[in-house]
Amino acid sequence: MELGAILMYVTTYFGLFTAIFFFMTLLENRKSLKSPKPTRLPKVTIAVPAYNEENTIAGTVKSLLAMKYPKNKLEIYVINDGSSDNTLKEANKFKKYGVKVIDKPNSGKADSLNQVIKKCKGEFFGALDADSFAHPEAIKRLVGYFSDPKIMAVTPSMMVFEPKGFLQKIQYIEYLMGVYLRKIFAFLGSIHVTPGPLSLYRVEFFEKYGGYALNNRTEDIEMALRIQKKGYQIENAIDAYVFTVSPRKFVPLTKQRERWYSGFLQNVLAYKSLFSRKYGNLGLFILPASFLSIILVIFAAGYALFSMGRNTWRTYTHLRAVNFEFWRMFDFRLDFFYWDVSMIMFLSMITLVIGIFIICLAKYLANRKESIAWSYILFMIFYWILFAYWWVISAWACIRKKKIQWGIQYE
């Protein structure tokens, strides 16, 4: 059996196994999908770190002010982290509504959040990125999980805000899948990232184990792994919706993913002791499966592109040698005689059907009503190539210890 066939079989079987396992996990815990109602409404502090976010900062703060949570129990900080645009001016407009504004030289997101943690009066602390907008019920739904003292953080459901362009539509499907997967990871006790947009933490965790790690590419991954390392749990409120403005252009999107993926590698290697039966599903399955899926996609994508190019060139040279009229290749006729009925094709079709079912389920769980057909087609065609490319450049960035800073402009 040639290398390509082996890669396809391994990738397909692995994909089918994880897809079925995740769905069965969701099915088993289906009665626990809805967030529990909070037994009390404690004081919550939300920090909005901002670097050159003049176009979105107002919408972010307004979404917090519109929160259906007691006003005397919600403390809001905006931290202008050395912006060179009108971010500070826009933030100051909200002082009259009780929003506290901190203006400081640029020192990064982690340091901005740590400054608020030292000042906050809330029992719980969270951050909302300055390009994100929270659902009015989000905080209340997040707080409901903290009745369990073992829960140290709760994550929301993140979705792309008003996707329009080619790349945003692809990310829209990716984020929908994230809504589905993050809830499953919560059921498995294996959440390994607490996203910047509105994850909530107990302040006592920072008091015991320190604030956000400085000079870290993805402080939200480091924090999640640290929580797991200390023996605490992370939950997910699937109905706590947060919408974020995603990159519209290729270069900013690639820079974002390079930071995310290289940060994942950096932090997982730093917490390599988590790869142990002591940490249950996280150490024995989720983290190893993450690395295996990355490796499989990179090799499968590379081999597929190589084979496609090689076969296209061979076909072109052969047909040209016999003066074949290329326009006849576009005279398509449906003929079942020429269908590929191999086992790998059969498994691929099953994978496709399961994929469609899962994305429809994710759409339902995320309470989205709009059509996603075109976005899903784009996702299926292009995402695996982008995913492989981003991981290759991210791994290379780690190898050469490339410095990656916070503050990416998405226009």
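**Aromatic pairs and cysteines in a predicted model**

A search of the whole structure finds 33 aromatic pairs, a pair being two rings of Phe, Tyr or Trp (its six-membered ring) whose centres lie within 6.5 Å. This is a predicted model, in which local features need pLDDT of at least 70, side-chain atom pairs count only at pLDDT 80 or more, and totals for chains, interfaces and linings use all residues. Residues are numbered from 1 along each chain as its sequence is written, and side-chain values use heavy atoms, with hydrogens and water left out.

**Aromatic pairs**
- Planes under 30 degrees apart count as stacked, over 60 as edge-to-face and the rest as tilted.
- Phe22 and Phe185 make an edge-to-face pair, with 5.9 Å centre to centre and 80° between the planes.
- Because Phe22 belongs to helix H1 (residues 3-28) and Phe185 to helix H6 (residues 166-187), their pair ties together parts 163 residues apart in sequence; helices are DSSP runs (H or I, at least four residues), numbered from the N terminus.
- Both Phe22 and Phe185 are buried, where buried means under 20% relative accessible area, exposed over 50% and partly exposed in between (1.4 Å probe, protein chains only).
- Phe94 and Tyr97 form a tilted pair, at 6.3 Å centre to centre and 45° between the planes.
- Phe94 is buried at 7% relative accessibility, whereas Tyr97 is exposed at 51%.
- Ring pairs also link a cluster of residues, including Tyr261, Phe291, Tyr383 and Trp390.

**Cysteines**
- A disulfide is a covalent bond between the sulfur atoms of two cysteines.
- The count of disulfides is zero, taking a pair of cysteine sulfur atoms within 2.5 Å as a disulfide.
- Cys120 is buried at 13% relative accessibility, and Cys360 is partly exposed at 43% relative accessible area.

Terms used
Helices (H or I, at least four residues) and strands (E, at least two) are DSSP runs, numbered from the N terminus.
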